Amino acid sequence: MKKDKALVVFSGGQDSTTCLFWALDRFEEVEAVTFDYNQRHRLEIECAEAIAKEAGVRHHVLNMSLLNQLAPSALTRSDVEVQSGEEGGLPNTFVPGRNLIFLSFAGILAKQIGAKHIITGVCETDFSGYPDCRDMFVKSLNVTLNLSMDDTFAIHTPLMWIDKAETWELADQLGKLDYIREKTLTCYNGVIGDGCGECPSCKLRQAGLDTYLSRKQGGGR
């Protein structure tokens, strides 16, 4: 893979930034793509742009505003309060079709720039029940992309089977734990770094960090 080119689906959050540095460690050439779908916080795109620039990565920003019109949720409407799913239901942060559209357009862009590898930070372990973060979905779409363009792409999901503590461990192994902690935006309320501490995303992120640091200090899991 060191001789190959990769495209990272990149939001500027903890998971996708970990994936960006994972890709930089493995591929000769890496580019990143961010999707502008009029998401809750414009700061997300600005974070992604800043991180890509610091990493020396060519960065594409694609206009996906139609998704905002089609799929109202707490991530596409600033006046909608973030709520967790009740009784096994999906949280209102789920944007129907988002990863389907993002990975499809990532495949089209990969074709244009000559990248055979697409990296995304989806995870089935800490996925909040989102159906488009499941391994089965990614594998199915990978086949569909290859058939649709008569080409051979490989979608990589380095976080698929690890939890947030293990994601922080991976960031630490890449030498980027502090950078990711300070520079990324995961917070639903738009606070960079450790975030607001109150939204579901911040609680999940902080719990993972606390667990990893506790394991590290204890010398094991």
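First, a word you'll need: a residue is buried if its relative accessible area is under 20%, exposed if over 50%, and partly exposed in between (1.4 Å probe, protein chains only). By that rule Glu31 is buried, at 3% relative accessibility.

Some ground rules: this is a predicted model, where local features need pLDDT of at least 70, side-chain atom pairs count only at pLDDT 80 or more, and totals for chains, interfaces and linings use all residues. Residues are numbered from 1 along each chain as its sequence is written, and side-chain values use heavy atoms, leaving out hydrogens and water.

Now color the strands (DSSP runs of E, at least two residues, numbered from the N terminus). You'll find 5 of them in an open, parallel sheet, ordered S3-S2-S1-S4-S5. Strands count as paired if DSSP finds at least two bridges between them. At the edges sit S3 (58-63) and S5 (154-156), each pairing on one side only.

Next, select residues 5-9 and 29-36: these are S1 and S2, running parallel and joined by 5 bridges. Here Leu7 stands opposite Glu31.

Show the side chain of Lys5. What does Lys5 form with Glu29? A salt bridge, with the closest N and O atoms 3.4 Å apart; the term means a Lys or Arg side-chain nitrogen within 4 Å of an Asp or Glu carboxyl oxygen. Lys5 lies in S1 and Glu29 in S2, so the pair ties together parts 24 residues apart in sequence. Lys5 is buried at 14%, while Glu29 is partly exposed at 40%.

Terms used. Helices (H or I, at least four residues) and strands (E, at least two) are DSSP runs, numbered from the N terminus.
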